[in-house]
Amino acid sequence: MDVFEAILRRRDVRNEFSGEVIDEARLERLLRAAHSAPSVGNTQPWDFVVVQDRRNLARFAEHVAQCREDFANSLPQDRRETFNPIVVEGIESSRTGVVVTYDPTRGGGHVLGRHTIDETGHLSVALAIQNLWLAATAEGVGVGWVSFYQEAFLRELVGVPDRDHIVAWLCVGPVTHLQTVPDLERFGWRDRRPLSEAVHRERFADFGVSEDR
């Protein structure tokens, strides 16, 4: 598929993992795509920790389940009812996790392009994740971004050095299919904004404050 089709077909996968382990050849292609992303000052500030040990996957899944429950309990009743059917992780069914980190020291103290906007380092890592995600879609592989975790727990689980920031745990694995409509839209959590509301010409135009619960 071309890049536009991959963009439109990409989904945050939860329920659709087949339970198979991704083969090494495809996993390497996805990681190579991620590693080919542009980065501020060509620092390539990312690292990827591949997690496939079932014990580690189970430990992380248990931790995420508790964090999910804590979030559900923080919601108003109507939003909790909307949230309850939404699955937020496919950690064990994907059979592979990729922990993506950011090293702010990579490139030394004088990074070209990061002098005035420090967050370009984190944005570089986000570009690597997007590369991996689109390549995965083209390969028939699903990706799910898990963000229900305490950073200290994950840092200890996979041994991330103190200097590095944890950006994401990505569930990566073969899928039975990809949903045509994203889960958060299908379950009524939030619809996609129309492009006309996001595009501004010359100056930022205020379209009004949207309801956000």
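## Starting at Arg-54

Arg-54 lies in helix H3, which spans residues 54–74; helices here are DSSP runs of H or I with at least four residues, strands are runs of E with at least two, and both are numbered from the N terminus. Arg-54 is exposed, with a relative accessible area of 55%. Exposed means over 50% relative accessible area, buried means under 20%, and partly exposed covers what is in between, using a 1.4 Å probe and protein chains only. Arg-54 and Ser-39 are 15 residues apart in sequence and 33 Å apart in space, C-alpha to C-alpha.

A word on the source: this is a predicted model, in which local features need pLDDT of at least 70 and side-chain atom pairs count only at pLDDT 80 or more, while totals for chains, interfaces and linings use all residues. Residues are numbered from 1 along each chain as its sequence is written, and side-chain values use heavy atoms, with hydrogens and water left out.

## Helix H2 and its two sides

Next, let us visit helix H2, made of the 12 residues 24–35. From first C-alpha to last, H2 reaches 16 Å, close to the 16 Å expected at 1.5 Å a residue; the expected span is 1.5 Å times one less than the number of residues.

Which residues of H2 are buried? They are Arg-26, Leu-27, Leu-30, Leu-31, Ala-33 and Ala-34. These residues are on the same side of H2 because they cover an arc of only 155 degrees around the axis, an arc taken from the directions from the helix axis to the C-beta atoms. An α-helix has 3.6 residues a turn, so residues three or four places apart point the same way. On the other side of H2, Glu-24 and Arg-32 are exposed. The buried residues of H2 pack against strands E1 (46–51) and E2 (97–102), helix H6 (120–139), and also E3 and E4.

## Strands E3 and E4

Strand E3, residues 141–146, is mostly covered, with 5 of its 6 residues buried. E3 runs antiparallel to strand E4 (residues 165–174), and 6 bridges join them; two strands pair if DSSP finds at least two bridges between them. Trp-145 stands opposite Leu-170 in E4.

Thr-96 sits in the loop between helix H5 (91–94) and E2. Is Thr-96 buried or exposed? Thr-96 counts as buried because its relative accessibility is 0%. Its side chain and that of Gln-52 are joined by a polar contact of 2.8 Å, that is, a pair of N or O atoms within 3.5 Å; within protein, one must be able to donate a hydrogen and the other to accept it, and residues adjacent in sequence count only if both atoms are side-chain atoms. Leaving aside neighbours within four places in sequence, the contacts of Thr-96 (heavy atoms within 4.5 Å) include Val-21, Val-50 and Leu-170.

Arg-95 is in this loop between H5 and E2 too, and its phi is near 70 degrees, a positive value in a residue other than glycine. Most residues other than glycine have a negative phi.
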